[in-house]
Amino acid sequence: MLLFGGCADTAAVIDQNKEIVNNNWSYSNKIKYTVKIDDGQMPYNLYLNLRVTGDYKYSNVFVLIYQTGPDGKPTGVRYEFKLANPDGEWLGQGSGNLYNYQIPFRLNYKFPAKGAYTFQIEQNMRDNPLHEVSDVGLRIEKAQ
């Protein structure tokens, strides 16, 4: 019998995705995650997980990422993430007609305090809904 002890991703605090219904991501569909941070001194890497179809019509995406910590005070930052080269070549990992991205938005980040943090991810493009977005998620890992 084989033991699969080394297969788990022990660095990940969270690595989850939520499916976007009908691939149409509206402003009102904020993707929400709550994460418990046990060590305020440990640096973490934070990533946006994104999956788009080959029919996504832009080479980038703008998102608002809100973070609310144990103090209850929300902060928000607008990010632009590049998804394709100027010649149209997708930068993500392709599988069929889907392209996966795991894009860093904070590296070696130290949370201000231990406790529960809520993240909300909101699309911030001109199109509402934003078509051809299949999944949106969050990964937080301990920095190596």
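Me: When does a charge sit over a ring, and over which ring does the charged end of K18 sit?
Reply: A charge sits over a ring if NZ of Lys or CZ of Arg is within 6 Å of the ring centre and within 35 degrees of the ring normal. This is a predicted model, in which local features need pLDDT of at least 70 and side-chain atom pairs count only at pLDDT 80 or more, while totals for chains, interfaces and linings use all residues. Residues are numbered from 1 along each chain as its sequence is written, and side-chain values use heavy atoms, with hydrogens and water left out. At 4.6 Å from the ring centre, the charged end of K18 sits over the ring of Y33.

Me: How are the rings of Y44 and F111 arranged?
Reply: Rings of Phe, Tyr and Trp (its six-membered ring) pair if their centres lie within 6.5 Å; planes under 30 degrees apart count as stacked, over 60 as edge-to-face and the rest as tilted. By this rule there are 9 aromatic pairs. For Y44 and F111, the centres are 5.4 Å apart and the planes stand at 70°, so the arrangement is edge-to-face.

Me: Is Y44 buried or exposed?
Reply: Buried means under 20% relative accessible area, exposed over 50%, and partly exposed in between (1.4 Å probe, protein chains only). The relative accessible area of Y44 is 3%, so Y44 is buried.

Me: Which residue has its backbone nitrogen 2.9 Å from a polar atom of the N45 side chain?
Reply: N45 has 9% relative accessibility and therefore counts as buried. The backbone nitrogen at 2.9 Å from a polar atom of its side chain belongs to N108.

Technical notes
A polar contact is a pair of N or O atoms within 3.5 Å; within protein, one must be able to donate a hydrogen and the other to accept it, and residues adjacent in sequence count only if both atoms are side-chain atoms.
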